[in-house]
Amino acid sequence: MPDVIAYGGDWNPEQWPEETWRQDVALMREAGVNQVSLGIFSWSLLEPAKGVFDFGWLDRAMDLLAANGIRAGLATPTASPPPWFAASYPEALPVDADGRRLHHGSRQGFCPSSPIYRDRALRIAERVATRYAGHPALALWHVHNEYGCHNARCYCDTSAGAFRAWLRARYSSLDELNDAWGTAFWSQRYGEWTQILPPRATPSFTNPGQQLDFRRFSSDALVELYTAERDLLRSVTPDVPVTTNLMAGAHWDMDCWAFAAEVDVVSTDHYLIGARAEPHIDLAFAADYARSLNGGRPWLLMEHSTSAVNWQPRNLAKAPGELRRNSLQHLARGADAIMFFQWRASRAGAEKWHSAMLPHAGPDTKIFREVKALGAELAGLDGVPGSRVTAEVAILLDHASVWAQDHPAQPSSELDPVEEAKRWHAALWRAGITCDLAHPEGDLSGYRLVLVPMLYLVSDAGAAGLADFTRAGGVTLVGPYSGIVDEHDRVRLGGYPGAWRELLGVSVEEFFPLEGPIALESGGTGTVWSELAHVTGAKVLDAYATGEPAWTRHEQGGGAAHYLTTRLDDAALARVLAAVCAEAGVRPAATAPPGVEVVRRAHPDGRAFLFAINHTGADAEMTTPDGARVAVPAGDVLILPELPGGAGGGGTH
Ligand code: GAL
Ligand code: ZN
């Protein structure tokens with residue numbers, strides 16, 4: 001990646017007459033755009049009929065970019081097969097759990113396991129790759145678009161066959177599969193592989209092991225489509241990095257950790273959800289997740305919006321200054337690319353009401369002025385690209401656990417593992433502490449504190465990883481309904497949480513979901529959930545009125561493992577998190593008032609920047625680690641270079 005922040009958006013010149021393109025690039029230059037994502041949904045124009053190709057327009061668009069010094073993140077157009085594809089191969093269209101075959105007319109209209117889709121996708125990808133290999137504008141391959149956004153799970157016969165093949169590779173025998181899925185229950189024992197189906201609509205609850213493996217299989221099928229294209233692209237252009245835009249933190253059907261292992265650089269898309277009270281905290285979660293997926297290295301924000309989107313019930317426009325604040329917040333949390341969907345607002349099509357860098361009203365607009373100002377600001381941030389955010393705290397998060405807990409037959413439908421992880425992350429955000437997300441089987445050795453808000457399913461390796469981290473001196477806080485089942489969604493017996501009973505020094509005999517809040521001795525409350533726990537070595541730090549444990553602490557090796565048997569209210573959770581942060585020696589990057597976010601990006605050689613973002617409508621002041629008091633005006637963002645040899649100080653942008 002070059003030593004500048006990539007800035008731009010999806011450019012869809014195919015939606016416009018060519019006269020418009022020259023105005024596009026002139027305005028791009030005016031706005032400081034140095035990169036665009038190109039050709040994402042252009043399959044029906046590049047291959048208007050099966051085996052008939054037309055690259056003329058894309059040649060001219062690429063040449064125009066090159067002539068203007070704008071880099072292309074060139075897409076393979078495989079996210080939207082053309083109408084001829086559906087007409088020729090109706091069997092390759094996706095089928096839902098009720099057996100409904102979906103029709104052409106939108107995008108991602110294909111079955112991820114269809115060999116015909118794969119073949120046609122690789123053919124068009126190869127055409128694009130060979131045609132633009134060596135083109136001066138080509139900087140990055142943008143494979144497909146948001147894999148699985150609309151077709152994450154397909155229940156057709158082809159998918160059924162692929163699912164069986166996947167299962168045969170995972171289980172050495174049908175006996176092993178029957179055991180893993182617990183098929184002695186409800187007379188589900190399989191006598192032949194051919195009897196196994198995807199979890200299609202059934203009279204009552206489907207088998208939990210079957211649904212979990214189907215989620216794993218479905219995610220793997222998409223990862224495989226990606227790696228097939230990536231391998232082809234690499235064989236043609238070994239030096240051009242390859243990525244695909246994830247939806248980290250927003251869409252949980254695709255295992256982001258699995259995709260992250262296969263891309264050259266993690267890229268992701270993020271959109272504010274207007275219904276959230278503080279959408280910028282959700283933004284921080286998504287950005288932290290993207291950075292964690294990329295191993296702490298700078299990542300690419302491939303899409304966000306300049307203002308409103310078009311797919312929420314009420315699509316809120318951004319207030320003046322919000323665009324800049326959102327973009328710089330991603331940057332603060334480690335992004336080295338600030339890209340938007342899209343460059344020019346569409347005139348027609350289902351996204352014509354989506355904001356863009358260049359609105360329908362043209363360049364003399366609030367949005368375009370803000371886009372230009374941001375481009376100029378990013379271009380002036382010498383030294384920021386390549387610097388990294390380092391976190392001392394990690395929250396464990398795994399898709400398999402989310403999928404398993406998604407089975408509807410749970411003790412309480414009110415426990416939401418993703419919302420719980422976001423709530424703990426938000427509590428840390430309010431305390432000014434930056435955290436990573438980590439896979440339970442990942443390397444935890446760099447952290448001081450590991451949090452497990454709700455990890456219902458954990459593998460033996462994941463369970464051991466947390467115990468090893470703690471016994472090596474780390475501090476751990478485990479939330480309720482964690483460590484309950486093994487990788488096949490089978491209960492770990494002998495007292496909950498079977499994975500961590502010894503680590504925590506606690507054994508739980510029964511769950512008691514709550515109808516209302518329940519008082520704790522500390523004055524806080526438990527909500528939604530409680531457990532009847534016995535300490536088997538841990539000390540009780542907080543209890544229910546009955547005296548039974550609500551919060552426990554167990555010293556282990558050099559470290560300590562804390563456990564919560566209830567879902568604490570926000571204030572009580574903040575107090576517990578403050579206690580474990582203090583115990584682990586974790587401190588915020590600066591002292592700042594509520595609503596002022598401070599994050600540090602640093603280079604290995606010590607050059608560093610403190611980003612301060614004031615999300616409130618009031619002027620504020622923060623204190624840097626070296627004691628300097630810095631004013632952070634309402635709604636503003638400061639990027640403060642640290643002086644060599646000391647923290648804080650320096651000029652502002
Ligand atoms: C993304 C997608 C874009 C566009 C955008 C609208 O999910 O990748 O193509 O649809 O949403 O917000
Ligand atoms: Zn299918």
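This is a predicted model: local features need pLDDT of at least 70, side-chain atom pairs count only at pLDDT 80 or more; totals for chains, interfaces and linings use all residues.
## Reading the model

Residues are numbered from 1 along each chain as its sequence is written, and ligands are numbered from 1 in the order in which they are written. Local features need pLDDT of at least 70, and side-chain atom pairs count only at pLDDT 80 or more.

## The zinc site

Let's start with the zinc ion (ligand 2). Cys 111 (SG), Cys 154 (SG), Cys 156 (SG) and Ser 159 (OG) coordinate this ion at 2.1 to 2.3 Å; donors are N, O and S atoms within 2.8 Å of the metal (3.2 Å for Na, K and Ca). Along the chain, the donors have the spacing C-x42-C-x1-C-x2-S.

The site is tetrahedral, with angles of 96 to 116° among its four donor atoms (four donors count as tetrahedral if all angles lie between 85 and 135 degrees). Cys 154 and Ser 159 are both buried, that is, under 20% relative accessible area with a 1.4 Å probe, protein chains only.

## Helix 3

Helix 3 covers residues 56-67; helices are DSSP runs (H or I, at least four residues) numbered from the N terminus. Among its buried residues are Trp 57, Leu 58 and Met 62. After the helix comes Gly 69, with a positive phi near 70°.

## The nonpolar cores

A nonpolar core is a set of buried Ala, Val, Leu, Ile, Met, Phe, Trp, Tyr and Cys residues joined through side-chain atoms within 4.5 Å. The largest one has 122 residues, and Trp 11 and Leu 451 have the most contacts inside it. Helix 17 (residues 570-584) gives this core its largest share, seven residues.

A second, separate core has 38 residues, including Phe 511 and Ala 561.

Notes: Side-chain values use heavy atoms; hydrogens and water are left out. Helices (H or I, at least four residues) and strands (E, at least two) are DSSP runs, numbered from the N terminus. The expected span of a helix is 1.5 Å times one less than its number of residues. Buried means under 20% relative accessible area, exposed over 50%, partly exposed in between (1.4 Å probe, protein chains only). Four donors count as tetrahedral if all angles lie between 85 and 135 degrees; four count as square planar and six as octahedral if opposite donors are over 155 degrees apart and all others between 65 and 115; anything else is irregular.
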